[in-house]
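Trainee: Could you take me through how the features of a model like this are read, one after another?
Mentor: Gladly; let us look at it together and begin with contacts.

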There are 2 protein chains.
Amino acid sequence: MQVIITINKKPGVLDPEAQAVKQSLFSLGFDDLENVTMGKQITLFIETDDQERAKYRAAKMCEALLANAVIEEYKIQVNELS
Amino acid sequence: MQVIITINKKPGVLDPEAQAVKQSLFSLGFDDLENVTMGKQITLFIETDDQERAKYRAAKMCEALLANAVIEEYKIQVNELS
């Protein structure tokens, strides 16, 4: 089961990396951008046929290691790929 | 127009960050994971109503700044959000 975990800063949390990207793009001529955010995407395969179980385990991984629940939020997407 | 850019290492390129994540998860008891990859996701809004133009501009941003074409590949997804 393929699991795609996307981790982004919560709204309102300062995101200096995204600001730097926005400014760099601005100086390259991309001056009509708004709401630039930057996150992490982790893709992995879990050996199970149970979609709910894959999602549950991915949430556990986020809480234990991948995401910082104070400032980050995560989304989990499960695909039926083997 | 909302644009979501996902940048991942090309297959075969060494990804030490993903390896570290995989090992950390393993030591936390998640021992049935495979093919862990780690990428960046950049979300931004471009002021245009033209989906093709938004996609074209996002590709230009990737080539100019966001992605390293030698070792990374990018995917662009355009959504009709204002």
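**Reading the fold and the pairing of the chains**

Mentor: Of the contacts in chain A between residues at least 6 apart in sequence, 75% join residues at least 24 apart. Please keep in mind throughout that this is a predicted model.

Trainee: Which pattern does chain A follow when it is read along the sequence?
Mentor: Chain A runs β-α-β-α-β, with two helices and three strands. The radius of gyration of chain A is 16 Å, well over the 12 Å given by the globule rule for 82 residues, so the chain is more spread out than a compact globule. Taken along the principal axes, the C-alpha atoms of chain A fill a box of roughly 50 × 25 × 15 Å.

Trainee: How much of chain A is buried, and what share of its accessible surface belongs to carbon and sulfur atoms?
Mentor: Buried residues account for 44% of the 82 residues in chain A, while 50% of its accessible surface of about 4800 Å² belongs to carbon and sulfur atoms. As for charge, chain A carries 9 positive and 13 negative side chains, and the centres of these two sets lie 6 Å apart.

Trainee: How should I read the relation between two copies of a chain?
Mentor: In general, two copies of a chain are related by a rotation about an axis and a shift along it. Here, chain B is superposed on chain A by a rotation of 180° with 0.0 Å of shift along the axis, at an RMSD of 0.0 Å. The two copies are thus related as by a two-fold rotation axis. Within chain B, the C-alpha nearest the axis belongs to B:Lys40, at 2.4 Å from it.

Trainee: Through what surface do the copies meet?
Mentor: They meet through the same surface, because 100% of the interface residues of chain B are also interface residues in chain A.

Trainee: Is B:Thr6 buried or exposed, and what is it in contact with?
Mentor: B:Thr6, which lies in strand β1 of chain B, has a relative accessible area of 10%, and since buried means under 20%, B:Thr6 is buried. Leaving aside neighbours within four places in sequence, B:Thr6 is in contact with residues including A:Gln41, B:Lys40 and B:Glu73.

Trainee: And where is B:Pro11 found?
Mentor: B:Pro11 is found in the loop between β1 (2–9) and α1 (16–27) of chain B, and B:Pro11 counts as exposed, at 71% relative accessibility. The C-alpha atoms of B:Pro11 and B:Leu25, which are 14 residues apart along the chain, are separated by 22 Å.

Definitions and conventions: Residues numbered from 1 in each chain as written. Chains lettered and ligands numbered in written order. Predicted model: local features only at pLDDT ≥ 70, side-chain atom pairs only at ≥ 80, totals over all residues. Heavy atoms only, no water. Helix = DSSP H or I, 4+ residues; strand = E, 2+ residues; numbered from the N terminus. Rg over C-alpha atoms; globule rule 2.2 N^0.38 Å. Buried < 20%, exposed > 50% of the residue type's maximum accessible area, 1.4 Å probe, protein only. Contact = heavy atoms within 4.5 Å. Areas by Shrake-Rupley, 256 points an atom, 1.4 Å probe, with all protein chains shown as cover. Lys, Arg positive; Asp, Glu negative; His and termini not counted. Charge placed at Lys NZ, Arg CZ, Asp CG, Glu CD. Least-squares fit on C-alpha atoms with pLDDT ≥ 70 in both.
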